[in-house]
Amino acid sequence: TEDLAEQADETSEGRNLVRRLKSRVRSLLTPPEEPVSPSSELPPVATQGLIDSRLQACRLTHIAAFTPPGGNAGDILLPASLQDSVTIRSGGVEWNPVPVRDAVSQQTIESVNATQGLIIGGGGLFIPDTNSNDFSGCQWPCPVDLLSQLKVPLCVMAVGYNRFRNQPEFSPVFRQHLECLVRKSVFIGLRNHGSINALKQYLPPELHDRLRYHPCLTAVAAQLYPALFSRSVAQPLLALNCAFDRAALRYGTDQDRILRAVANAVRTISEQYSLEVRYYSHYSSDLQMMDYLNSAGVSFTVDDLTSCTPREIVHAYSRPQVVLGMRGHAQMIPFGCNTPVVSLISHDKLRWFLDDIGQGSWGVELHETDADSQIVSATAQILENRTAVVESIRLSQARLWQACRQNIDDFLEHVATD
């Protein structure tokens, strides 16, 4: 790839280079032994990844929840890590970023068709209320008639079925849109097998094999950015994140009881293991947990991750001895940073992730009457066996990254031969 990079520097005929690269797709699909070093500068909104690539082997459209500082911290890191995963496998990409919740017009479709392929994802694409609309019933409001006009290879990567427990069903248009999307796609990559099983109920059986396992790229951060972890050493910290979006669906009528239990468990663990407590806020509403921690007598510091860059979020989750996380990305990001995490389960997606890695004991259902003692017990087990737990995380990450690589390579072959 170094010779190709020199060619790219010496000529302005980018289109010709792309055509030459297509004929060499097999070599491009062979990744370098070490990913390219992360760039030192990142844009205010992460519409590109951490990896700086001089070579642009192809031009792809990426539809995702590109999020500026102040938004959901998980969505700040997620698009960047997905782009980097493709960059590593392709040798370089010129990205055309499109916000997932923007209105879709004829001009949108034409701009996508002017590139060589379309990737949608990752994130909780399949949820009915984040971007309510009558065109798709999910976050991407693309009318079916416009979706059918896409002419380039399309795939959906690392998305989830994010409907909450007891949340109203998707609108009827969702089935029609989903079936059209699946038929147009090389594959639909879902970040857990629970999402695969959930989506099957909306599709005819002949389309079920289009649904593939494609883990969230935040869960393999140490595979994508090994240089960021080569010298990382865990500090005597316990990091906590709790979520308050759709509180009635998360907690029902038990919110105060559940969050008091979490706060009491944090106090017990921090005292027993002499850990400093840091509260990681992924979204402004997460700060409501401060009242419960104060009432429980927990001494803590708040880290507002919504103001962080992707690199800073990775660094934050590389530091703790253990994380107690309720949001999906407060589970997957620390895991991807080789940091043990106890999942505080108020949504099926957290249980589904634990099922996929075979670690059901790393999670606690928050509606259990003894949730506080279960949290203390699960965390103690992890802390007292931390070396073995971290090694298990590393092995699981390698398996998850292998699944991602296979899907990415398959899509890039379709792009190169289209």
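Which residue in strand 4 is the bridge partner of Ile120? In strand 4, that partner is Val156. This is a predicted model, in which local features need pLDDT of at least 70 and side-chain atom pairs count only at pLDDT 80 or more, while totals for chains, interfaces and linings use all residues. Residues are numbered from 1 along each chain as its sequence is written, and side-chain values use heavy atoms, with hydrogens and water left out.

The sheet is open and has 6 strands in the order 2-1-3-4-5-6, with parallel pairing; two strands pair if DSSP finds at least two bridges between them, and strands (E, at least two residues) and helices (H or I, at least four) are DSSP runs numbered from the N terminus. Its edge strands, each pairing on one side only, are strand 2 (93-99) and strand 6 (211-213).

| Strand pair | Bridges | Sense |
|---|---|---|
| Strand 1 and strand 2 | 7 bridges | parallel |
| Strand 1 and strand 3 | 3 bridges | parallel |
| Strand 3 and strand 4 | 6 bridges | parallel |

His62 has Pro97 as its bridge partner in strand 2, and His62 also stands opposite Ile119 in strand 3.
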